Amino acid sequence: MTVPLLLTACGAPSPKQAAGATGGTVDRTVLPIREPARPRYTELDVRKATPPPRFVVEAPTGAPNVIVILIDDMGFGTADAFGGPVPMPTLARLGQQGLKFNRFHTTAVCAPTRAAILTGYNHHSNNMGSITETATSFPGMNSVRPQTITPVAEVLRQNGFNTGFFGKCHEVPAWEISPVGPQDRWPTRSGFEKFYGFLGGETNQWAPTVYDGVTVVEPPHDPDYHFTTDMTDQAVAWMNFQQALAPDRPFFMYYAPGATHAPHHVPKAWVEKFKGQFDQGWDALREQTLARQIRLGVVPKGTKLAPKPAFIPDWNTLSPDEQRLFTRQMEVYAGFAAHTDHEVGRLVTALEKMGELERTMIIYIAGDNGASAEGQRNGMFSEMTYFNAVPEKVEDMLRHLDEWGGPSTYPHMSAGWAVALDAPFAYTKQVGSDYGGTRNGMVVHWPAGTRARGEIRSQFTHVIDVAPTIYEVTGVPAPRSVNGIEQDPIEGTSFAYAFHDAQAPERHTVQYFEMFGNRAIYQDGWLARTIHRPAWDAKPLRSLQEDVWDLFDERSDFSLANNLAAQHPDKLAAMQALFLREAERYHVLPIDDRVLERTNAAAVGRPTVMEGRNSMTLHQGMTAMGVDIFIDLRNKAYTIRAEVEVGEDAQGVLVCQGGRFGGLSFYVKDGRPAFTYNFLGLESTTIAATEKLAAGKRELVYEFTYEGPGMGKGGVGRIQVDGQQVAEGRLKRTQPGIFSVDDLADVGVDLGTPVADYGASSRFNGQIQAITIEVKR
């Protein structure tokens, strides 16, 4: 593909171009682009007739390739390119050869940021006011993208681009992740011709639930397997394939690793690179990061650290055991981040080798929100303890120190590190009202389209501005009609105007923020905000009506360290009124500040596949059923009845849900039926028969009597074979919340990490006629 000369008007081709061999011009604002009417012929002999030109939609002339790279859960003060302690040479190199944006903003949480990036509309406009797992039945919060918003990938695909998506999705409503869908919001129905990745909010990097298109694929059982490496291999292969077949056709790639979201999983060699580098603790690290940020110019001279929240203890008050544990947590996180950037580097190197780096616009966003404080004060051996409100003790976690970050852990770090990695700001992920939750470093690298090299841009920008920027530089307009449905006006503002002019007045001048009741409004350099609930608190600090608001002049206070609410009450009142107007306009109201309560679909009106039913019949081969797909067995009595045919040495899983870090499994081991309940990976209870099954058709039953009322109670489990009880045992407690967002329910196999020790294989070696699960109301 020929590299174009530096384009004027930020490289934007004309939005109306020839639509292929037919010639002429087309209106790209109406999709799909309509093909010409088919001619009718009167000639009898085809040898005497002339066929019409072939109709094909081509991308605008000179349109570049576009790659959007989005890292997960990374704070503004993490990467060395933005003054942080973690070397990320690919990000740094692209920044030195391109532009660094130091006032780019996200939504404070994963799925909402992704919805905004991929469309150019606010997260509530996308009905993605929070993550898919906490969706409710209200507009703005139901996680179902409206028909009046079309993703940028679909727009580009219909305008002659090839499109590929690799990594984390987190955009599909939880109850739609199954073969019955609907699959309208799956990546391959949202504009991406190729998808390889996972659909939920996080994944086990060593044993992920991966989809190729809409089909679950089983990762190789390779001890060196890591998902970030796997997805990069897939991305490079797709890019090479595309260029081999259509070198003159531009492509759009969305590369979104699950890293650095918990669980923090990384090869140990990467962890050891950071041994001893964080012994100084998080307080000193914040100071060191600020000094580097000022030196690099990514924050203005004179910037102060925002006051550290009282919840975060001073490092020098911690015990030696706490310091030893917390230091290791940070070493693992740093290795995870560096490893991720290394994989991005492999992608960029492949692009360079094929000669496409020059004409490709890379938008590299270091975080979809701030660093995560969901690890609470002490961090976690198993992140699922957070979703079940079960605290972990330092002394227990220390026993796993040497394996931290490996396959036998599902870890998160202490909130103190999150605050440090969000320097110079005070708060973290989930806090949409503080730049610690919403300010992320962004690099734009496009040699053929930008003149500046290694410069900083400080205009206010936001995730809803990414899609409009892509539209401008490719010459593809935001559509006004798609499939006959009028589209909402695009809500973001292209930041391409800043590519050539560091002093250009910012064009995105008003922006609301809201997440779990934390809310703020930006206008012309001012920010008004309220901290409703920090990420480490289970409940809000105050009611929505009683929240206390702060006011900052960001033009002289980059880090939000100087609250001016008392000095400018009239300005604050005007900003609060502006927030309410914007909130009404963009479907933010009514505000829902619940968090863990909303993981229970029935409590918030979120649909589930099993809604209104108390039994489910399963068959062999049904796998990867999520929480809102599978029957809900939490906090209640139930019966599992399996009709099977077995040989002399029956073996394998009948049905399971969850995995190594929490789950349940009804299975046969060495011919003996058994049931294991794994409580958060912290303790495991197995109820097993002593006699082997005889060959032939058998009815195996597990019955659980719950000792409620209340949540997380224990109960008695009994196993029957052909109507005769063969085992009984007691579970002293059960998980009140979810087992996993990635280790899902399977029949006839345990595809993810194992719930129990199955022996040679989890795959059932007999025949499953049917499994019926019934819950008792």
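Reader: Hi! In the hairpin of β15 and β16, which residue takes a positive phi?
Author: Hello! That is F516, with a phi near 55°. The hairpin has two residues between its strands. Bear in mind that this is a predicted model.

Reader: Thanks. How many bridges join β15 to β16, and which way do the strands run?
Author: Six bridges join them, and the two strands run antiparallel. β15 covers residues 510–515, while β16 covers 518–523.

Reader: What is the bridge partner of Q511 in β16?
Author: Q511 has Y522 as its bridge partner there.

Reader: And is β15 mostly covered or mostly open?
Author: Mostly covered: of the six residues in β15, five are buried. As a general point, side chains in a regular strand alternate between the two faces of the sheet.

Reader: Then what does the side chain of D742 make a polar contact with?
Author: With the side chain of T203, at 2.8 Å.

Reader: Where is D742, and what is it in contact with beyond its neighbours in sequence?
Author: D742 lies in the loop between β27 (724–731) and β28 (746–747). Leaving out neighbours within four places in sequence, D742 is in contact with E202, T203, N204, A207, P208 and T209.

Reader: Good to know. Switching to helices, how far does α7 reach from its first C-alpha to its last?
Author: Helix α7 reaches 49 Å, close to the 50 Å expected at 1.5 Å a residue. The helix has 34 residues, numbered 320–353.

Reader: How many of the residues in α7 are buried?
Author: In α7, 25 of the 34 residues are buried, so the helix is mostly covered, buried here being under 20% relative accessible area.

Reader: What comes just after α7 in terms of phi?
Author: Just after the helix, G355 takes a positive phi of about 80°.

Reader: Let's go back to sheets. What is the strand order in the open sheet of three strands?
Author: The order is β1-β13-β14, and the pairing is mixed. The edge strands are β1 (30–31) and β14 (485–486), each of which pairs on one side only.

Reader: How do β13 and β14 pair?
Author: β13, residues 481–482, pairs with β14 in the antiparallel sense over two bridges. V482 stands opposite I485 of β14.

Reader: Last topic: how many salt bridges does the structure hold?
Author: It holds 46 salt bridges. One of them links R185 with E176, with the closest N and O atoms 2.8 Å apart.

Reader: Are R185 and E176 buried or exposed?
Author: R185 is buried, and E176 is buried too.

Reader: What about R594 and D592, how do their side chains meet?
Author: They meet in a salt bridge, 2.8 Å from N to O. D592 counts as buried because its relative accessible area is 13%, whereas R594 is partly exposed because its value is 30%.

Reader: And R634 with D632?
Author: Their side chains also meet in a salt bridge, at 2.9 Å from N to O. R634 is buried at 15% relative accessibility, while D632 is partly exposed at 27%.

Reader: Which residues do salt bridges with shared partners join into one network?
Author: D72, R114, K168 and D368.

Definitions and conventions:
Residues are numbered from 1 along each chain as its sequence is written. This is a predicted model: local features need pLDDT of at least 70, side-chain atom pairs count only at pLDDT 80 or more; totals for chains, interfaces and linings use all residues. Side-chain values use heavy atoms; hydrogens and water are left out. Buried means under 20% relative accessible area, exposed over 50%, partly exposed in between (1.4 Å probe, protein chains only). Helices (H or I, at least four residues) and strands (E, at least two) are DSSP runs, numbered from the N terminus. Two strands pair if DSSP finds at least two bridges between them. A polar contact is a pair of N or O atoms within 3.5 Å; within protein, one must be able to donate a hydrogen and the other to accept it, and residues adjacent in sequence count only if both atoms are side-chain atoms. Contact means heavy atoms within 4.5 Å. The expected span of a helix is 1.5 Å times one less than its number of residues. A salt bridge is a side-chain nitrogen of Lys or Arg within 4 Å of a carboxyl oxygen of Asp or Glu.
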